[in-house]
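Q: I would like to learn how to read charged side chains in a structure. Can we work through one case together?

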Amino acid sequence: QVQLVESGGGLVQAGGSLRLSCAASGSTFSSAAMGWFRQAPGKEREFVAAISRNGGNTAYSDSVKGRFTISRDNAKNTVYLQMNSLKPEDTAVYYCAGTLPVGLTRVIVSPGGMSYWGKGTLVTVSS
């Protein structure tokens, strides 16, 4: 069983930056593709960013492309989401998610493709 714990959320002004971290327990982290999703109040959970096992492939939603960067450190069992130029519409609970073992370069962008989820961290961007 893999457990994911997010951290780094908080309150920030528009235009500011935050870095989210997701620490994973267990020995299968390096075998999993990872992703970040978010859910704003009254809205469905949506894809934000994803990264392959080896970190070589990434994907982003159009709404965050050019502002957010996903990365991972397999030695530390951690995935990160660097968020720059934050906007009020980025306000949401951000969830880290991981897959069962997949191919080295595969990127998963669908919530249904994820098998493990963290409890989320709240990001609030004030205008």
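A: Start with R38, which counts as buried because its relative accessibility is 5%. Keep in mind that this is a predicted model.

Q: Which residue does D90 form a salt bridge with?
A: Here is the general idea: side chains of opposite charge can pair when their charged atoms come close. In this structure D90 forms a salt bridge with R38, and their closest N and O atoms are 2.9 Å apart. The pair links distant parts of the chain, with D90 in the loop between β8 (78-83) and β9 (92-98) and R38 in strand β4 (residues 34-39). The two residues are 52 residues apart.

Q: Are D90 and R38 buried or exposed?
A: Both D90 and R38 are buried.

Q: Which side chain does E46 meet in a salt bridge?
A: The side chain of E46 meets that of R38, at 2.6 Å from N to O. E46 counts as partly exposed because its relative accessibility is 35%.

Q: Which side chain meets D90 in a salt bridge at 2.8 Å?
A: That side chain belongs to R67, and the 2.8 Å runs from N to O. This pair also links distant parts of the chain: R67 is in the loop between β6 (58-60) and β7, while D90 is in the loop between β8 and β9, 23 residues apart. R67 is buried, at a relative accessible area of 11%, and D90 is buried too, at 1%. Salt bridges that share partners join R38, E46, R67 and D90 into one network.

Q: How many salt bridges does a search of the whole structure find?
A: The search finds four salt bridges.

Q: What is the nearest side chain of opposite charge to R72?
A: That side chain is D73, and it is 8.3 Å away. R72 has no salt bridge, although R72 is buried. A salt bridge needs a side-chain nitrogen of Lys or Arg within 4 Å of a carboxyl oxygen of Asp or Glu. R72 itself lies in strand β7, which covers residues 68-73.

Q: Which backbone oxygen lies 2.9 Å from a polar atom of the side chain of R72?
A: It is the backbone oxygen of S52. The backbone oxygen of R53 lies 3.5 Å from a polar atom of the R72 side chain.

Q: Which residues is R72 in contact with, leaving aside its neighbours within four places in sequence?
A: Leaving those neighbours aside, the contacts of R72 include F29, M34, I51 and V79. S52 and R53 are also among them.

Notes:
Residues are numbered from 1 along each chain as its sequence is written. This is a predicted model: local features need pLDDT of at least 70, side-chain atom pairs count only at pLDDT 80 or more; totals for chains, interfaces and linings use all residues. Side-chain values use heavy atoms; hydrogens and water are left out. Helices (H or I, at least four residues) and strands (E, at least two) are DSSP runs, numbered from the N terminus. Buried means under 20% relative accessible area, exposed over 50%, partly exposed in between (1.4 Å probe, protein chains only). Lys and Arg count as positive and Asp and Glu as negative; His and the chain ends are not counted. A polar contact is a pair of N or O atoms within 3.5 Å; within protein, one must be able to donate a hydrogen and the other to accept it, and residues adjacent in sequence count only if both atoms are side-chain atoms. Contact means heavy atoms within 4.5 Å.
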